[in-house]
Each structure stands twice: as structure tokens, then as C-alpha cells.
Amino acid sequence: MTDPNTPSAGPETLFGLEEMELNFGPQHPATHGVLRLKVRVDGERIVDTYPIVGYLHRGTEKLFELHPFFQNVPHTDRMDYVAAATNNLAYVGAVERLTGIVVPPRARYIRTLLSELQRLSSHLLWLATHAIDIGAMTPFFYTFREREIILDLFEEYCGARLTLNCMRPGGQPYDLTVGWTERCAEFIDDFPSKIDDYEGLLTENRIWKKRTVGVGMLPPEVAMAYGVTGPMLRGSGVQWDLRKAIPYEAYDEVDFDVPVFYNCDTYDRYLVRMEEMRQSTRIVAQCLEKLPEGPIMAKRPRVLKGPKESEVYFGIEGPKGEIGFYIVGDGSPNPYRCRVRPPSFLNLQVLPEMVKGQLVADLVAVIGTTDIVLGEIDR
Amino acid sequence: MSDTENLTPEEKAAAEEKAAAEAKAKAEREAAEAAKPAWEKDPAVPEWQEAEADPLVEALRASFGEAIRSARTFAGDLVLVVDRASIREVSKSVKEDHGYHLLVDICGAHYPEREAPGFEVIYIAYNFDANRRVRLKVEVEEGVEVPSVIPVWAGANWTEREIYDMYGVRFTDHPDMTRILLWEGFNGHPLRKEFPIEGIDTGAAIYPEYYDEKDGPAANAGTGWLLPKEEEPEESETPEGETT
Amino acid sequence: MPRFLEAIEDVVGATIFYFAVSPLLKIAAALVVVLTTIAYLTLAERKILGFIQARVGPNRVGPWGLFQPIADVAKLLVKEDIVPQRAIKWAFVLGPCLVVGPALVILAVIPFGPPSDVTGGMGWHIADVNVALLFVLAMATIGVYGLILGGWGSNNKFSLLGGLRSAAQMISYEVPQGLSLVVPLLMAGTMSLNGIVQAQHDQHVWYVFNYWGLGLAAFFVYFVAGVAESNRNPFDLPEAESELVAGFHTEYSGMRFALFFLGEYANMIVISAVAVTLFLGGWLPPFANQSWAGFLSLSFLPAGLAGFFWFFLKLIAFLFVYIWFRGTFPRYRFDQLMALGWKWLLPMALATIMLTGLVKVL
């Protein structure tokens, strides 16, 4: 990654033309928000890419320091706004570890349920946008149909569809509403057939394979060095999932597999996410079956204070990768420092490596497969 | 209980019995309290513990000695405080000799009220085989540069830029030490404790002729968005909403 | 001939009537039919896509959204027409005209129906050119200049890339498309489109089924190349919205944008119409030589109308396939598109021509 302001160092091309600098975004249909890329192209071949982020910066980490622990949950909703539940979970998990609160089992199961449903909804949104980036229009509408049902379930549970604010340090604010589990089970029973539908449209589609196989190669060493996590890492042949490696909430009590594919390309990352949706379906079904009775909120002080000179890092497997919180307490009701480990931020960083030497059309496919949310990158 | 000695033996026995019952009830209550599930007890606040016996710490001590200033754990997380000058070597060893291949995060923190006021840079790395995270910390004063760890973990690039952006801590040998979330020419580092939460007067980067240098960002530090004044005089008006 | 036409002929005299009045009337009629078809093709596209994608499609304007095209046209007409300050104005203005003009001109040689009493013994075409096939190819080639000029004249990098893509794509695909048209030409032995339909009638076969699959192969090449020529999915790279924002028409608005739009749909109709004429028997009814299928010739209608009906039905089938493609396929990448054109379609077209020639000689 070199500075785009320096003049092109490469030799002039065959016809004595200079490379063209293409300003990709921040208003561009394929940049999923306000990502801006300075792309140097030689014809349609990409010589260099320089991502420019920060258009959505809202100072969330500063806001965390201003508000008490309980009031910070809504800020986390607004980072990765298509996966609010997992953001909530990472934050409240970090606060609970900082203060030593233990969460009752029913709350742990409800959290697992919510975060798996959130993973489904996030992956559905990813599939929709990824497909439409590559030019397949129809999966967009199919996935939004199912995502709507998940959002309805969220709405029934906590009243919100996107910015859920559905967890508190110490447990869950509300119990599941009457009939929620039945509606959820009904959806989960039906959902695998819907995944078959999506796969029927794309998985063996020749054009889809042509556009994704061998595109955006990401070798595992590069992925690890760049801190790439989540489905991106599993598509590069590293079978690592925080839900298995360092289990939290109820993940050690349910049975699921961690999909891994070894070709390091966009197609394999697609396969990983499709398989993850199936596994999430399994987890939700098991959680519904095992859901214990009992309290949903632990005993906790009325004003939660971070212990003096305490610090903790807690990361969970979000839909896009490891989302973690590093929280420093200083004995006051506010966190002294609250750092978010944003998965999209670190995953996006590797983009210039993945698209070097490929075509502009591949750039779009690779942005899609990176599954970024600018609210989280810019915070 | 003022006139115990005047009691009859029967009364005495009754009192003893009552006391015994009370003690038993108390013991039962305590037992019940202990038997309560963890979520009904008061939270057990974690504490710092020395971690000199940890194999990773021992190995690093052997190679780096006093460059590892302290090694403690909190809530199960291993935290090493490392000398600023040797952070690159320590992280290289942590990665290559001890298998911490995945760079989880690098972040900063500001401690103006410490005895030696300054910043902390925190490196979090993960080992796949040992399934374990380690946190390395570097303490750095205002205006001092930290060696960049990009040669060790390529992913440090953006996170180090973000620390520079948010705290003003610079990294030596960084190929692109520019702001990342804020724009070039922003006058301040917002995650410092003294930075006002309501923000500062920004936006001056684009319109230097309207702002004093100390109010807004330095002139001409921007990316050259604004055309020269002579060419497009009508565009140099400050639009509403751009000033803050 | 209808009585009012005879009356006009009496007034103006036969010469003026056959050289001026009659062609103008036919042009007017063809334009009305084609522009209406285009308008309702947009509605049909949205409705069919809606059906494919589990949604409703437009249904607010009029019953079942039937007035939606009218509303769209009204909207496009009253929109502000923006010409970017640094655009190359003549190219910017000329681009859309060059796209839509040739596409409509090609319609002049398409025979929509057989000669009949309704049209006074003339065919349902504006001009029966004896080298109509060459005319079609020549006019189709002009369309690409419109895209290049529009893309270049916008002075926008995305438009430029879109224009370049369209130039490369359309020129590459014109080669197999033109070659595949040689096959029905060889089969019929004439270049007149009317003549080719007549030859299919005389030989009792639609050319798509002729010569043991050779006709089918040529038809396949023609249709794939035709989809690419009209910049439709899965070959819509020049205007790939996720890559190039809107490609060559990024900077266009209002009626100029509508002209590009019109050109694209007119192209679809033209390519389908040529395919119907050359390969699917034009205005001939299916199974014309089978006695059991005699009712298909629709003898209760005037002869011309029945032919027009069949022509239009085949045309609609083609247009449906176009829309179906759009609902199903992802988009090709540029290099893959070129590889498909040069490495697969071109050799296939050449082989088909050679084999057809062989069969014809033998």
C-alpha cells in the first residue's frame, strides 16, 4: 500500500498511456456505505488500491467514556448496525468479566438464541448485497423475505428491529414473549429449505463460479498477519471459531460444526457463510429445545462500577469476525477506556492485497466478500 | 439479658436452646447462601495476580530480562508491560517463537493523571495452538515515538494509524503515518482525556482563510479538495453545516 | 385496400401516394406499435421480475399498474436535463440519438406480416430491401458509436470505462452475430427478409430446425451474441451498476437518459424480430404443413392479421427470455465475456457456416 499522492512509479504502458486514477466511492453502489477507494487502474486492471475510511466517524469510543456502563449498550447497536445483538453481547460480556457478574442460564440461552438469529440476518444481508454486486438480482429479494421474519422476531422480543439494545450487563432485560419460541421454531424448521433455494440459484451457477473462484485470494499467513477473523479466515483454511475455541454463553452446551474451506478465494468464503447459516439454524433449534427455566437477571449492584485499575478484553465470534471490547475500569461508574476491536476494520485492511492485479469487477466482488459495515469501521 | 443469673434452670435451658436454634438458623442461612447459584451471589470482583511462573513469561524473561517490566494476570488475561524500545523484538519473539500469529488488536489509552503522565499502547495477540491471548503494553510519554510492529504483524498498519489519529502517539518506521478516521489537518486528538466532548471547531481545513490557525486545522494540510481561490471565487463561501 | 386510403390516393395521385403518403403512414404505424411495445415491455419486465423475485411489481398507477409506463414517460419528460459543465457537448448530445436512431431504423426492413388485403397487397413492412440483412448489420453497428460517444463525452471516468467496455463488447460480438446470420442466408439463398420468410414457407421448415441442428447452432450463436449486443444480463457490463455506477449513462438524466433506455429496449425488440424472421419463420404459423394443425393459421382473421399475431407472439416469447435472463444470471466479468465471444462463439459460428455450406453443396 503506497501513498496515492505520489506519481505513478510504474513504467508507461504499451501505448504510452498513463495509469488512470479511479475514485471509487464514497457514493458508489458497491461500496456498502461510505467507503472510498482510490484505485489506480491500468485499463481495467488494478495496480493499487488505497482505502479511505472515516466518513461515518461518530466518536463512539469517546462516548463510551462519557456514559455509565448500563447506558453504553445502545452505542454498541450503532456500530455494526446489521448485527446489533452480537455487538451487545460482546460489550455486556466484557463488562461482566470486568465486574465478576455471572449470568443465569436462561439469560445465557436467550443471548445465544439472539446472537445466532442475528448471525443469520447479517449473513442474509451479506448474501443479498454480495449477489447483487456480482449482478445476480434475485437472491436479494429472497434473502430479504427471510430476514424480515427474523427482524419481526427481534421486534417482538425487544421492540426494535435493527438497533436492538437487547442485553444488559448481568442478564437479559426481558423474558421471551408468549409464543415467541413457537414462532421462532416454525421459522427455523422452514429455513434450511430457503438456504437450499439460495444455493440452487448460486452455488453451481457457472457464471457465479466464474466470478468467484480464484478471485480475491487470501493465503492463511497473510490473513493471520493482518488480523483477519471470522468467515474470511475460515475460507482461508483456518478452522477457528471463538464459539468453539473460547466458548461463551451457551455455546459449549450445543452441538455445531465449524465449516472450513481451503481454497482461500471468494467462492470458498461464500461456501463458509452458507454453511454457517445452516449451523446457526442447528444452534437455534437446540437452544429452543434446551431453553431452561429460571431467572434472567443476575444479582448486580444498582450502580455498576468498574474495579479500580482493572482491565479486560473479551471477544466473541460476530457474524463478520471477532468483535471484542477492551475495557479499562477506574472505580467510577463509567468505563475509563472502552476500545472496540472492529472486525470489519481489520478485514478491510487486507483488501488492497486481495485485489492487486485483478479487474475492477473483481474489486466489487471482493468488497462484497469482505462483508464490511462502515458503521463499525468508522465508529 | 441483664438478669440471667436470676433465671430458673428451666428458663436457662430455654434460652440456651433458643441461642442454639439461632446459631443453627444462621449456619443454615450461610449454607444456603453458599449453595446459591453464582448469579444470586454478590459478584466476585477479579483481582490482579502475579504471573512470573507462566511459561511464556519465563521464556520472555530469559531472552529479554528487564525489558519485561511486569507480568500479571487479571480475570485470566495475561498482561505484560514491555519497555518501549524493545516492543518490536518482544512481539517478534512472541509471534515467531511462541506462536502468537494472529494480531487481535492494537489500541491506545491515555493516562494523564499518572505519576508519569502519558499513553499506553496495548497489543493483543492470539495463539491458535495454545488457544490463548496475551496483552503486551507499552507506556509512552507525550511526544515520544513507539517502534512500529508492522514488520511483525502487517495488520498493525491501520490500528497504529488509528492510535496516532486518536492519541497523537507516533510510530517510527511506519510507512504511512497519516490520520485514518479523521481528516488530515484535524487539530487535535479526540480520545485524549482533555479533548472536549462537545468537540472543537473543525471544518477549517477546507477554508483556511476563514479561521485562525489555532482555532482550526493548519492551512493547506488538506488533500487539495478546494480549488485555488482565484479560479473559483464563488466556491470559497462557507456552506452551512460544514463549519462544525 | 381500405376505403380512406383509396380516397387519399384519388386526391394526391398514385405517384405521390406510393412514394410519400403510404411510407409515412406505415412509418407512423410502425412507430406507434413499437413505442407502445417498448413502454409496456418496461412494465412487463418489472412485473415479471417481480413475479420471479417474490414481490408484486408496480401496482399503484392504474389497474395492475397499467398506466405506469405513461407516468414514467411523463416523469422523464419533465425532469431537468443536465449537461455536465465539462462534458464534451456535441458528443454528449449526439450519443443517445445515435443509440436510438439506428435501432428504430432497422425496423423499416422487418416484415411483420404477409402481404394481404389490409395493406393493399403490400407486405407488412416499410421497405422491402433486397439486401435487408446487410442493412440490419450495418445499422446495428452504428449503435455502438452512440455508447462510445456518450461515455466519452460525459467526461467521467466511470462513463469512459463503460463506453470502452461497450465498444469492445459490441464489436467482438458483432462478428459471431454477423457470421451466424450467414447460415439462414445460405439456406434461403436470398438476403431479403421477406424472401427468407417466404423460403421457409416454401421449404416447409423453420430454419432453427433445419439441417440437423446446424440451424439450432446458428440460432444459439445469434441469440447469445444478440443478448450481448443489446447489453442485457448477463452481459450488461457497459452499464454494470455495481461496478461502474451506471456505465456510459452515469451522467445522463431526464429525456436523454430515456433515449438510452429506449435504445436498449428497441435493440431488444430488433434483435428478437430479426431472430424471429430468420430462424423462427417470421409470420408463419407453427406446423403449417400439418393438416391437424390447420386451425393454427387462424383463417377467421384477415390473412395479414393472423401473420402479425404469430410474429408478435414469437417476439414476446423472445422478450420474455430476455427478462428471464435478467432475473436469473449474475454478470460476466469483462475478460470472461471476451473469451466467450472470441473463443467459443466465433469458432462455433465459423464451423456452422462451413458445415451448412457442405450440406448445401451435397
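Let's start with one pair of side chains: B:E162 and A:R379 meet in a salt bridge, at 2.2 Å from N to O. This pair crosses between chains, running from helix α4 of chain B, where B:E162 sits, to the segment after α15 (374–378) of chain A, where you'll find A:R379. Are these two residues buried or exposed? B:E162 is buried, and A:R379 is buried too. Please keep in mind throughout that this is a predicted model.

Now a second pair of this kind. A:E322 forms a salt bridge with B:R133, and their closest N and O atoms are 3.2 Å apart. A:E322 belongs to strand β5 (residues 321–329) of chain A, while B:R133 belongs to strand β6 of chain B, so this pair, too, joins two chains. Again, both A:E322 and B:R133 are buried.

On the chain B side, 57 residues are in contact with 58 residues of chain A. For chain B and chain A, the buried area is about 4,700 Å², and carbon and sulfur atoms give 59% of that. Which residues of chain B lose the most area to chain A? They are B:W39, B:W158 and B:L181, and together they make up 17% of what that side buries.

There are polar contacts here as well: the rule finds 24 residue pairs across the interface of chain B and chain A, both partners at pLDDT 80 or more. On the chain B side, the elements giving two or more residues are β3 (77–82), β4 (102–111), β5 (118–127), β6 (132–140) and α4 (156–167). Of these, β4(B) gives the most, with 10 residues. Sorted by class, the side of chain B that touches chain A has 36 nonpolar, eight polar and 13 charged residues.

Next, the other partner of chain A, which is chain C. Here 30 residues of chain A are in contact with 26 residues of chain C. The two chains bury about 2,600 Å² between them, with 61% of it on carbon and sulfur atoms. Across this interface the rule finds one salt bridge. Which side chains form a salt bridge here? They are A:D362 and C:R333, which meet at 2.9 Å, N to O. On the chain A side, two or more residues come from each of β1 (20–24), α4 (105–134), α5 (138–158), α7 (206–212) and α14 (360–370). The largest share, five residues, comes from β1(A). By class, that side of chain A has 17 nonpolar, six polar and seven charged residues. The rule also finds eight residue pairs in polar contact between chain A and chain C, both at pLDDT 80 or more.

So what does chain A itself look like? Its secondary structure comes to 15 helices and six strands. The radius of gyration is 21 Å, close to the 21 Å that the globule rule gives for 379 residues, so chain A is as compact as a globular protein of that length. Along its principal axes, the C-alpha trace of chain A spans about 75 × 50 × 35 Å. Of those 379 residues, 66% count as buried. And among contacts in chain A with a separation of 6 or more, 72% are between residues 24 or more positions apart.

Back to salt bridges for a moment. Over all chains, a search of the whole structure finds 57 of them. Some are linked in a network, whose members are A:E311, B:R69, B:D77, B:D83, B:R114, B:E120, B:R135, B:K137 and B:E139. Within chain B, the side chains of B:E194 and B:R192 meet in a salt bridge at 3.8 Å, N to O. B:R192 counts as buried because its relative accessibility is 11%, and the cut-off for buried is under 20%.

Let's finish with one residue of chain C. Where is C:S192? C:S192 is in the loop between α6 (157–188) and α7 (193–203) of chain C. This serine is buried, with a relative accessible area of 9%. Leaving aside residues up to four places away in sequence, C:S192 touches C:D128, C:V129, C:N130 and C:A132.

Conventions
Residues numbered from 1 in each chain as written. Chains lettered and ligands numbered in written order. Predicted model: local features only at pLDDT ≥ 70, side-chain atom pairs only at ≥ 80, totals over all residues. Heavy atoms only, no water. Helix = DSSP H or I, 4+ residues; strand = E, 2+ residues; numbered from the N terminus. Buried < 20%, exposed > 50% of the residue type's maximum accessible area, 1.4 Å probe, protein only. Contact = heavy atoms within 4.5 Å. Buried area = accessible area lost by both parts, 1.4 Å probe. Salt bridge = Lys/Arg side-chain N within 4 Å of Asp/Glu carboxyl O. Polar contact = N/O pair within 3.5 Å; in protein donor to acceptor, adjacent residues only side chain to side chain. Nonpolar A, V, L, I, M, F, W, Y, C, P; charged D, E, K, R; others polar. Rg over C-alpha atoms; globule rule 2.2 N^0.38 Å.
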